[in-house]
Structure formats: C-alpha cells, structure tokens
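Visitor: I am new to protein structures. Could you walk me through this one?

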Amino acid sequence: MNSVIRKLDFTEIPAFVDIVVNAYPGTMQNTAEFKERYSTMLISQQEKVSSIEFYGIFRECKLVGGMRIHYFKMNVHSRTIDIGGVGLVAVDLLHKKEKVAKELIQYFIKHFVQRDVALVALYPFRPDFYRKMGFGYGTKMNQYHIKPSSFPASGTKEGLINLDVTHKELIEDCYNQYASETHGMILKTANEIEGIFKNPDNKLIGYMNGDKLEGYTVFSFKKMSETNFVHNNMVIKELIYQSSQALLCLSAFFNSQSDQIHRIELTTQDDDVEYLVEDPRNGSDRLIPSVYHETNRAGVGLMYRIINIEKFIENLGAYPFNNETITVGLNIIDSFIKENSRRVVIKFREGKATLSPKEKAEVDLSIEISDLSSLLMGAVSFKKLFNFGRVIVNHTDQVKRLDHLFANMQKPLCITAF
C-alpha cells in the first residue's frame, strides 16, 4: 500500500492527537478537554517553534500515524554539530503491524540525510526494535534514592538564590556553557527554558558567583504516603554545575532538607555518585552476591545512529584518536538502509582521521551500523565489541592497536527529553 508522508497542517493536528492518545494511554488522558488542550499546544509548537515539526503518514488519504521531528545542536567530541531527533512516534491502533513505524523512521532518516546531517537520535519505546533499525545504545541512565544527609555539607549556601522566569537568560547561558564542554549534551533553546516555568511543580535553586550563574537545580516534590503528609521525596530533574564550588553549595542545600525530605531521587548518567555522597545506598537493603549493596537502578534509553559516515568523520574535526597511525577498512553492515551497507577506508595519521578510498587498509573491520554508532559516540569500547563478537577483525593481532585507537572517548551525557 502506497504511503504519503508529509508535514502536518495545523488543521490535521487534532487527528494526530487522537492517534497519540491511544498510542500512549499511560501518559495521556482520553478526554475531550485534554485532547483540545494538547492539540492547542502542538499547533503552537508547529507554528512558533522552529526546531520542531510534526509529520504524518497517510494511506488512502487517511492519517494512520505520525511523529515529531526535532532539529538539535549537540556537542559531539567538543564540536557542536546539527543532529536530528524524533519523538512521539504513534501509529493508529487499526494499523499496527503494518510497517507504519518503519516507514516513518525511514523517512526521518532520509529527511536528515538530505540536509547533510550525520547523526540522529531517539528514545526507544522498545530498544530491540530500534536496534534492528540501526540505532546504537548510548550511555545508561542511573536512578539513585539518596538520603539528604548523605550529600556533603562542606559547602555553604552562600550564593544560592531562588530562580524564576526573570533568570531565563542566565539559566540558558549556564546550561549551554556546560553543554559546550560536555560530549553528548544538546544545546537548550529558549523554548525549552520557558517549558521549565510552565510546570507549577518545578522549583529552581541556583548558585551565583558574582553576576554569573554557575550552577542550578530543577526539582519537585513527590508525596510518598497517603496517610503521612510529612513523608515526601525530592525529585531532581536537572542538576547543572560548572564548578566544584557550585556543586558543593547545591549539595549543602540538598543536605539541609533532611528534616522534611525522606529521599532525594537523582537521575543521572554519572557512574561515580558514590564518591560524592556519604551513603549511596537506595534504601532497598538488597545485597548482590557476595556483599554488594544496591545503590541504584539503571536503564538504556537514548540511542544514536550515524546516517552519513563521511560527514560524521568530517564533523569529528581534530579529535585526537590517541595519536594512533593506522589505516582501517570499515565494512558497514546496515540491513535497514541497504545503500548504507558499504566499505569505507579511514586513514588515521597521528590521530587525525581522513577518508582515503584509494588507500590500502592495514586492517579490515566488519561492524553493524548500530554498534559503529555506539563506538564512535564513545558509549562502548572497541575491546568490548570485539569480545562480544559484535565486530569482526581480519587481523586479530591488530586488536590492541584498534582498542587504543578508540580508547578514552568520553561517554555521551544527555538530559534532553524529546
């Protein structure tokens, strides 16, 4: 059956909302009031937010699914590049298992290939489903439940202020300064900053150093009992800091909440939280054999896909690759985008990577595009992929050099939800 995929007109948004409500029943309300309110919000985004567009897929002139496309700027190994994002992928209940989602993702990828973008990303409703489409895993997310008193109180609360809508520019500057120094972070737009203040449950505390905001946290409270009104948790939604002083002052604030807050829920891709707090245990009192105390839950989420390897290598710019000198033949396996299954030759000279199609390779690799995306984003080491049989090397005596080539890549960190 022939499909037509195109940008939705604002008059078609309500029909898309009907599909979305049924596709995401756990987060949506199936009421006329909610649908009208949600439609109004999406229409406003379509008309006013340049970084967001809604697309629909039509079969026999009927809307059977849709998606939200994002135009992002991301720090990739210290260079800011354009990337594509997709969210709110929804399929009409009557058209499940008819490859609607597959066609939407194929269109999404092609959409950004045509714009000379090298990388796209998404949050999967099923990781295995999108891995088959060539998306590779990013950095795991950890969720800690920490006693407030476990945060260090060595800092003072001097310099901490309540932030409000008048501080929007300071918040944007603080966040984007942090993002510009952190691989994987997506730059925050003014529209996203405004979204923080639209939620009445959000509370913001910032650390000022003179007239500069050097750190802030966005948090809310969560009621933990229907019978005990003083049993509440604090949920940290954002924790951004540019200096250890900013972090220590914000930690002193968290520490001071121990009389009112039972646990602080911290969701972070930082694997080293136990070095910040006194007691990282989450209160479950579970032991992992032999004697390892449970500290957090973890999960896979944001996934990446390189859609133009030549452009991606170009975007890496002066990334040093540990100053290795080696010529690598890369045999890319991509079952989802057939034309992307091909061989490229990359010459590394003292770490500088260039495409050299006529160069003779010293070693050949065969690798799925999903794993290649994770590798070049720094989410996984070469040695791990080799040990797990995810990459085939024609000269195994070169594995140590290849592992060193990709070693020390920073894992991508990202807190942008879309």
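Guide: Welcome! This is a predicted model, where local features need pLDDT of at least 70, side-chain atom pairs count only at pLDDT 80 or more, and totals for chains, interfaces and linings use all residues. Residues are numbered from 1 along each chain as its sequence is written, and side-chain values use heavy atoms, leaving out hydrogens and water.

Visitor: Which are the edge strands of the open sheet of seven strands?

Guide: The order is β1-β2-β3-β4-β5-β16-β6, with mixed pairing. Strands (E, at least two residues) are DSSP runs numbered from the N terminus, and two of them pair if DSSP finds at least two bridges between them. An edge strand pairs on one side only, and here these are β1 (4–7) and β6 (136–137).

Visitor: Which residue in β5 is the bridge partner of Val86?

Guide: Strands β4 (residues 79–91) and β5 (residues 119–122) run parallel, joined by three bridges. In β5, the partner of Val86 is Leu122.

Visitor: Is Glu265 buried or exposed?

Guide: Glu265 forms a salt bridge (a side-chain nitrogen of Lys or Arg within 4 Å of a carboxyl oxygen of Asp or Glu) with Lys222, at 3.0 Å from N to O. This links strand β12 to strand β10 (residues 212–223), 43 residues apart. Buried means under 20% relative accessible area, exposed over 50%, and partly exposed in between (1.4 Å probe, protein chains only). Lys222 is partly exposed at 34%, whereas Glu265, at 9%, is buried.

Visitor: How many salt bridges are there?

Guide: One of them joins Lys73 and Asp82, whose closest N and O atoms are 2.6 Å apart. By this rule, the count is 22.

Terms used:
Helix = DSSP H or I, 4+ residues; strand = E, 2+ residues; numbered from the N terminus.
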